[in-house]
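Please open the model in your viewer and keep the sequence panel beside it. The tour below goes from one selection to the next and says what you will find at each stop.

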Amino acid sequence: MTEKIYTKNKLGIPMLLFIILMFIGSIYLMIAGLGGIIAADDADVAPGALSIIMFLSGMVVITIASIMIAGLKLINPNEALVLTLFGKYKGTLKEAGFYYVNPFCTAFNPAASTRLRQSDDVGGDKKAVSVQGSTGEASGKKISLKIMTLSNNKQKINDCLGNPIEISIAVIWRVTDTAKAVFDVDNYKEYLSLQCDAALREIVRIYPYDVAPNVDTTGDGVADEGSLRGSSELVAGRIKDEIQKRVSEAGLEIIEARITYLAYAPEIAAAMLQRQQASAVVDARKLIVDGAVGMVQMALESLNENNIVELDDERKAAMVSNLLVVLCGNHDAQPVVNSGSLY
């Protein structure tokens with residue numbers, strides 16, 4: 001479906017004045033005709049044909065004016081109204097202005113009543129505008145062209161290592177083609193929500209939660225260090241591109257996608273926390289040992305250079321052992337004074 005934009009017929013103000021004059025004229029005709037009929041009835045004579053014609057003309061004019069008022073359409077900035085006439089697409093009011101269109105045209109938007117976890121769109125309050133008909137149908141059927149945010153529920157997905165994780169995203173989007181959004185898909189809001197879930201699942205299964213060895217996340221056959229936690233910008237970009245590829249046929253543009261929540265699933269969260277803690281302890285111990293070895297080496301070199309004491313290999317080994325115990329221990333060393341001989 002090709003979008004057709006109304007750029008003419010911004011005759012809302014002149015037509016509104018004309019309709020008001022029609023109402024005033026019809027009321028005058030009805031009052032004048034009714035007055036003639038009442039006067040003839042009081043005089044016990046047949047009412048004149050002119051009085052009857054004036055009264056009936058007033059009724060016809062007020063009926064026509066009531067129908068014509070349905071053709072007045074008010075479009076605010078970043079709003080659109082898709083119009084159909086007896087089931088045929090006539091065009092879209094997309095530019096801000098006060099229009100007059102065929103009064104038999106109806107607004108069409110199958111997603112008007114759909115409410116997801118997103119910023120609300122135009123017409124959500126369902127309030128009627130006086131110049132758009134007493135039912136406010138056009139107001140409730142408007143399509144928002146504003147940039148909106150969709151935040152779907154958290155999903156439980158297995159990463160590339162099979163670990164269940166919980167993740168959710170926020171998608172910034174807007175409607176760019178109203179005809180495609182309304183006619184090419186059943187409900188463009190629900191369609192977007194479902195495609196966001198599908199795209200998220202498709203991308204997340206490629207990455208591990210944390211950096212893992214021998215994992216290729218780019219598809220080039222070479223292991224890399226990509227992960228959901230460490231490569232969030234890259235992952236968000238791939239999710240955005242995947243969603244855009246899926247919703248282009250619905251006339252939607254994806255501006256940005258961001259990960260808003262990421263965590264291990266509750267059933268494995270405790271075990272993964274212990275794993276992370278163990279990894280942190282190992283890294284800390286490795287740093288302590290490296291520092292202690294350097295300090296022991298420095299102490300031995302200093303003693304040797306200054307000829308403070310000469311130690312054989314056995315005494316050096318004992319000294320190294322004692323220093324490593326002191327430097328790598330979690331508690332302060334308890335000094336012991338040796339009052340005897342060195343040997």
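## A serine in a loop

Begin by selecting serine 227, which sits in the loop between α5 and α6; helices (H or I, at least four residues) and strands (E, at least two) are DSSP runs, numbered from the N terminus. The model is a predicted one, in which local features need pLDDT of at least 70 and side-chain atom pairs count only at pLDDT 80 or more, while totals for chains, interfaces and linings use all residues. Residues are numbered from 1 along each chain as its sequence is written, and side-chain values use heavy atoms, with hydrogens and water left out.

Is serine 227 buried or exposed? Serine 227 counts as buried because its relative accessibility is 2%, where buried means under 20% relative accessible area, exposed over 50% and partly exposed in between (1.4 Å probe, protein chains only). Show the side chain of serine 227 and follow it to the backbone nitrogen of glycine 230, which it reaches at 2.9 Å; this is a polar contact, that is, a pair of N or O atoms within 3.5 Å, where within protein one must be able to donate a hydrogen and the other to accept it, and residues adjacent in sequence count only if both atoms are side-chain atoms. Leaving aside neighbours within four places in sequence, serine 227 is in contact (heavy atoms within 4.5 Å) with Tyr207, Pro208, Tyr209, Asp210, Val211, Ser232 and Val235.

Select α6, residues 232-247, next. Its 16 residues should span 22 Å at 1.5 Å a residue, and the end C-alpha atoms are 22 Å apart, which agrees; the expected span is 1.5 Å times one less than the number of residues. Colour the buried residues of α6, which are Val235, Ala236, Ile239, Glu242, Ile243, Gln244 and Val247. An α-helix has 3.6 residues a turn, so residues three or four places apart point the same way. The buried residues of α6 pack against β10, α5 (188-204) and β11.

Move on to α5, whose 17 residues should span 24 Å at 1.5 Å a residue, in agreement with the 24 Å between its end C-alpha atoms. Among its buried residues are Tyr188, Leu192, Cys196, Ala199 and Ile203. At the start of α5, look for asparagine 187, where a side-chain oxygen reaches to within 3.2 Å of the backbone nitrogen of lysine 189.

## Strand β10 and its partners

Now select strand β10, residues 164-175, where 10 of the 12 residues are buried. Which strand pairs with β10 over 11 bridges? The partner is β11 (residues 252-264), in the antiparallel sense; two strands pair if DSSP finds at least two bridges between them. To find this pairing, look at isoleucine 169, which stands opposite isoleucine 259 in β11.

Strand β8 (residues 148-151) is joined to β10 by 4 bridges and runs antiparallel to it, with threonine 149 having isoleucine 172 as its bridge partner. Strand β9 (residues 155-158) also pairs with β10 in the antiparallel sense, over 4 bridges. In the hairpin of β9 and β10, which has 5 residues between the strands, find glycine 162, which takes a positive phi near 90°.

## The nonpolar core

Show isoleucine 243 with its surroundings: not counting residues up to four places away in sequence, it touches Ile169, Val171, Leu192, Gln195, Cys196, Ala199 and Ile254. Then select the residues that touch the most other members of the largest nonpolar core, which has 40 residues: Trp173, Val175, Tyr188, Leu192, Ile239, Ile243 and Leu252. A nonpolar core is a set of buried Ala, Val, Leu, Ile, Met, Phe, Trp, Tyr and Cys residues joined through side-chain atoms within 4.5 Å. The largest share of this core, 8 residues, comes from α5.

## Strand β3

For the last stop, select β3 (79-85), where 7 of the 7 residues are buried. Glu79, Leu81, Leu83 and Leu85 point one way from the strand, whereas Ala80, Val82 and Thr84 point the other way. β3 is joined by 5 bridges to strand β4 (residues 88-93), and the two run antiparallel. In their hairpin, which has 2 residues between the strands, phenylalanine 86 in the turn has a positive phi of about 55°.
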